[in-house]
Amino acid sequence: MIGSFATVMDLLVEGEDVFVGPTLLDSGVRTYGGQLLAQSLGAAERTVSDDRAVHSTHSYFVKAADATQPIRYRVDRLRDGRSFSQRQVVALQNGAEVFRSLISFHVPEEGLEWEEPITIEVAPPTSDQPYTDYDDLMESSLPVDERPWAGRVRPIDVRCINTMKAPQGQPVTEPQRMWIRVHGQLRVDRAVHNAGLAYLADTGMGAVILLPHGHGWQDERFTVASLDHGMWFHRPTRADEWLYFVQRVESTSRGRGLASGRFYDLDGHLVATCMQEGLMRRNG
């Protein structure tokens with residue numbers, strides 16, 4: 001069974017600039033980071049005028065959130081200028097802060113355009129190419145008694161072009177590449193598709209930082225947790241159409257790792273960039 005993105009974004013209004021996110025079907029112990037990113041953006045979007053679109057978010061995962069409990073989002077209106085608006089969103093669960101985000105919106109305007117051109121040299125996921133399903137990959141890494149993988153219910157379609165699975169101890173330093181989209185058809189609404197991009201942006205970003213050291217996802221010798229996340233929205237796109245997502249490990253040191261992610265549309269245009277730092281602490 002797979003969930004609905006509309007359900008993810010069905011925020012209830014509790015008071016002035018206060019919204020409550022639904023309790024979702026994801027049975028994992030921790031709330032998926034993309035849910036926090038998307039719902040906080042959706043809450044902030046409701047407090048800005050329609051002429052403004054998000055251009056950047058800077059977020060901190062303060063404390064692990066319980067996936068079985070609703071989350072309250074409090075929006076602070078920091079500034080509304082002629083061209084830009086800034087919002088702070090604080091996510092609370094049982095009275096404790098679990099997440100905080102600074103989000104900036106911009107009135108789109110004409111300007112200079114440049115991007116490093118790329119050619120996507122792999123077949124799209126609609127072809128006969130036998131790509132690896134991300135859910136299957138994640139589930140195969142779990143002990144039998146912990147299956148099925150809780151993330152299967154998330155409304156995300158992912159096809160891995162190369163996988164983050166390698167023999168134990170073998171370093172993997174090449175970029176991780178995948179086709180990714182929000183499952184189902186989204187309504188024609190710029191804010192909805194930007195929230196969809198934010199929802200996708202946490203997929204695989206926590207696990208990738210262990211790969212250069214020959215350790216894979218769910219390696220019990222390490223504690224891995226997302227610390228912070230930054231995202232920049234460059235060009236309009238549809239989150240329910242296939243996007244080419246390329247992840248790179250930039251650096252690991254002092255118990256932390258930094259990964260970057262770039263989203264391209266089918267024509268090779270860079271539509272969004274994200275950066276995420278994670279904890280990678282050896283247990284014991």
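How much space lies in the second largest pocket? About 700 Å³, where a pocket is an open set of points on a 1 Å grid over the protein atoms alone, with protein on both sides within 12 Å along at least five of seven lines. This is a predicted model, so local features need pLDDT of at least 70 and side-chain atom pairs count only at pLDDT 80 or more, while totals for chains, interfaces and linings use all residues. Residues are numbered from 1 along each chain as its sequence is written, and side-chain values use heavy atoms, with hydrogens and water left out.

**Overall build**

- The protein chain has four helices and 13 strands; these are DSSP runs numbered from the N terminus, with helices being H or I of at least four residues and strands E of at least two.
- With a radius of gyration of 18 Å, close to the 19 Å that the globule rule gives for 284 residues, the chain is as compact as a globular protein of that length. That radius is taken over C-alpha atoms, and the rule is 2.2 Å times the number of residues to the power 0.38.
- Along the principal axes, the C-alpha atoms fill a box of roughly 55 × 45 × 40 Å.
- Of the 284 residues, 51% count as buried (buried is under 20% relative accessible area, exposed is over 50%, and partly exposed is in between, using a 1.4 Å probe and protein chains only).
- Gly 261 sits in strand β12 (residues 256-264) and is buried, at 0% relative accessibility. Its C-alpha atom is 23 Å from that of Ala 44, which is 217 residues away along the chain.

**The second largest pocket**

- Its lining takes in 24 residues, and Pro 108, Phe 233, His 234, Arg 235 and Pro 236 lie nearest the centre (a lining residue has an atom within 4 Å of a point).
- Strand β3 and helix α4 (190-200) are the elements that give two or more residues to this lining, and α4 has the largest share, with four.
- By class, you get nine nonpolar, seven polar and eight charged residues here. Ala, Val, Leu, Ile, Met, Phe, Trp, Tyr, Cys and Pro count as nonpolar, Asp, Glu, Lys and Arg as charged, and the others, Gly among them, as polar.

**Cavities**

- Three cavities of 30 Å³ or more turn up; a cavity is a set of grid points where a 1.4 Å probe fits but cannot get out. Points are joined across faces, edges and corners, and a volume is the space filled by probe spheres set on them.
- The largest cavity has a volume of about 60 Å³, and its lining includes Leu 37, Leu 41, Ser 59, Ile 103, His 229 and Met 231. Two or more lining residues come from each of α2 (33-45), β3 (53-61), β6 (96-106) and β10 (222-233).
- That lining has six nonpolar and five polar residues, but no charged ones.
- The second largest cavity, at about 50 Å³, is lined by eleven residues, with Pro 22, Leu 24, Gln 35, Ala 67 and Gln 69 nearest its centre. Two of the lining residues are charged, alongside five nonpolar and four polar.

**Nonpolar cores**

- In soluble globular proteins, nonpolar side chains tend to be buried together.
- The largest nonpolar core has 63 residues, and Phe 5, Leu 41, Ile 180, Met 231 and Phe 263 touch the most other members. A core here is a set of buried Ala, Val, Leu, Ile, Met, Phe, Trp, Tyr and Cys residues joined through side-chain atoms within 4.5 Å.
- A second, separate core of nine residues includes Ile 120, Tyr 131, Trp 179 and Tyr 244.

**Salt bridges**

- A search of the whole structure gives 15 salt bridges (a side-chain nitrogen of Lys or Arg within 4 Å of a carboxyl oxygen of Asp or Glu).
- Arg 77 and Asp 17 pair up at 2.8 Å, N to O. They link distant parts of the chain, 60 residues apart: Arg 77 is in strand β4 (residues 71-80), and Asp 17 is in the loop between β1 (12-15) and β2 (18-21). Arg 77 is partly exposed at 47%, whereas Asp 17 is buried at 13%.
- Arg 238 and Asp 240 also meet at 2.8 Å, N to O; Arg 238 is partly exposed at 23% and Asp 240 is buried at 9%.
- For Asp 76 and Arg 74, the closest N and O atoms are 3.9 Å apart.
- Glu 113, Glu 115 and Arg 235 are linked in a salt-bridge network.
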